[in-house]
Amino acid sequence: MPLRVVVAGATGVVGRTLLPLLRERGHHVTALVRHADRLDGAAPADDVAVADLLDSAGLRRELRRVEPDVVIDQTSGFGRADLDEGLRRTAQLRERGSRNLVEAAVEVGARRIIGQSMTAAYRPHGHDVLDEESPLWTDAPGCWGDAVRALAAIEEAVLTCPDIEGVALRYGALYGPNTHYAPGGTIHARVCGSALPLVDDGVGLTSFTHVDDAAGAVLALVTGGEPGAYNVVDNEPAESMEWLPAYARMAGGPAPVSLTMDQARAQLDWLTVHQLTEQRGATNFRLRETLGWRPMWPSWREGFAALFGLWSG
């Protein structure tokens, strides 16, 4: 059954992949953007709603005009090059903008809202691969703690609101075209510039999510699945000692240098050290079992190869 769907964050890497998929399913798609010229024809939509998520009145006005059945929030500030700025912007969007979107969606009678979260926000625990019942790291230090607390607040707003079906999709490290891992992206530049090292005895796990799989999960949950939180990740969480050298080879960069823990703490920001040494991966079991979802890219190995034109499968 075709639905009226609003996509906030339509100009982001997931949004641009998602919009044509929704239209192929017959849904009427409205791209919610801050500026009318942001789509530039690259991500076709049936309608464009112009509103800032931080402007509650303008947002409500546009959603009343559209009268959506489903509202999808794919907004993020992590596209920015500066990490701290990206964290602050994302925290602001989550604390105020996403909350405004939930309230507006309820007011106009939408039946479901699908929000974006991330598995990196889980509190690290031993050597476990974490599921959706694992706690978020709300007392993490610095800007990272601010971002996680904002995520937790909006997840609570989405998942506990009695007047709308709430879904929170927790993505792994997003990769694919136009992401930080693509040529010209931040991770690509750091790896090729020998600025992202291996850390001796580091056992940090990363769960990856291709943008195709993120969009595919959203598409499936527009019309199916129970409300709740879902990890959207591939089947192969990987230690930094494994994925980082493989990525460097496929990207045509130098082999990563190796640092001791003390050297890493002296040379790298806290969040990078955390990701390389203690971050935990996540399982996609709930999404696979309850919705029958399967990632198009089951392993980051295949996805990275495709990203660099090395995949022949």
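Trainee: How do the residues lining the largest cavity divide into nonpolar, polar and charged?
Mentor: The lining splits into eight nonpolar, four polar and three charged residues. Keep in mind that we're looking at a predicted model.
Trainee: Which residues lie nearest the centre of that cavity?
Mentor: Gly115, Gln116, Ile154, Glu155 and Val158 lie nearest the centre, out of 15 lining residues.
Trainee: And which elements give two or more residues to the lining?
Mentor: Helix 3 (83-107), strand 5 (112-118), helix 4 (142-160) and strand 6 (165-171).
Trainee: How much space lies in there?
Mentor: About 100 Å³ for the largest cavity. With the cut-off at 30 Å³ or more, the count comes to one cavity.
Trainee: OK, salt bridges now. How many are there?
Mentor: The count is 15. Take Arg112 and Glu165, whose side chains meet at 3.0 Å, N to O. Arg112 sits in strand 5 and Glu165 in strand 6, 53 residues apart, so this pair links distant parts of the chain.
Trainee: Is Arg112 buried or exposed?
Mentor: Arg112 is buried, at a relative accessible area of 3%.
Trainee: What about Arg286, what does its side chain meet in a salt bridge?
Mentor: Glu132, with 3.9 Å from N to O. Arg286 lies in helix 10 (residues 285-291) and Glu132 in the loop between strand 5 and helix 4, so the pair ties together parts that are 154 residues apart in sequence.
Trainee: Which of those two is buried, going by the cut-off of under 20%?
Mentor: Glu132 is buried, with a relative accessible area of 8%. Arg286 comes out as partly exposed, at 26%.
Trainee: Where does Glu242 come in, and what does it form a salt bridge with?
Mentor: Glu242 bridges to Arg301, and the closest N and O atoms are 2.2 Å apart. Glu242 is in helix 7 and Arg301 in helix 11, so the bridge ties together parts 59 residues apart in sequence. Glu242 is partly exposed, with a relative accessible area of 34%, and Arg301 is partly exposed at 35%.
Trainee: Which residues are linked in a network of salt bridges?
Mentor: One such network links Arg60, Arg64, Glu103 and Glu107.
Trainee: Changing topic: how many aromatic pairs are there?
Mentor: The count is 15 aromatic pairs. In one of them, the ring centres of Phe208 and Trp243 are 5.3 Å apart and the planes sit at 80 degrees, so that pair is edge-to-face.
Trainee: Why does that count as edge-to-face?
Mentor: Because the planes have to be over 60 degrees apart for that label, and this pair is at 80 degrees.
Trainee: Where do the two residues lie?
Mentor: Phe208 is in strand 10 (residues 208-210) and Trp243 in helix 7 (residues 240-251), so the pair ties together parts 35 residues apart in sequence. Phe208 and Trp243 are both buried.
Trainee: What other ring does Phe208 form a pair with?
Mentor: Trp300, in a tilted pair with 6.3 Å from centre to centre and 45 degrees between the planes. That pair links distant parts of the chain too, with Phe208 in strand 10 and Trp300 in helix 11 (residues 300-307), 92 residues apart. Trp300 is buried, as is Phe208.
Trainee: Which residues do ring pairs link into a cluster?
Mentor: Tyr175, Tyr181, Phe208, Trp243, Tyr247, Trp300, Phe304 and Phe308.
Trainee: Now helix 6. Which residues are buried there?
Mentor: In helix 6 (residues 211-223), the buried ones include Val211, Asp213, Ala214, Ala215, Ala217 and Val218. Leu219, Leu221 and Val222 are buried there as well.

Methods. Residues numbered from 1 in each chain as written. Predicted model: local features only at pLDDT ≥ 70, side-chain atom pairs only at ≥ 80, totals over all residues. Heavy atoms only, no water. Phe/Tyr/Trp six-rings, centres within 6.5 Å; stacked < 30°, edge-to-face > 60°. Helix = DSSP H or I, 4+ residues; strand = E, 2+ residues; numbered from the N terminus. Buried < 20%, exposed > 50% of the residue type's maximum accessible area, 1.4 Å probe, protein only. 1 Å grid on protein atoms, 1.4 Å probe; cavity = no way out; pocket = protein on both sides within 12 Å on 5 of 7 lines; lining within 4 Å. Points joined across faces, edges and corners; volume = space filled by probe spheres on them. Nonpolar A, V, L, I, M, F, W, Y, C, P; charged D, E, K, R; others polar. Salt bridge = Lys/Arg side-chain N within 4 Å of Asp/Glu carboxyl O.
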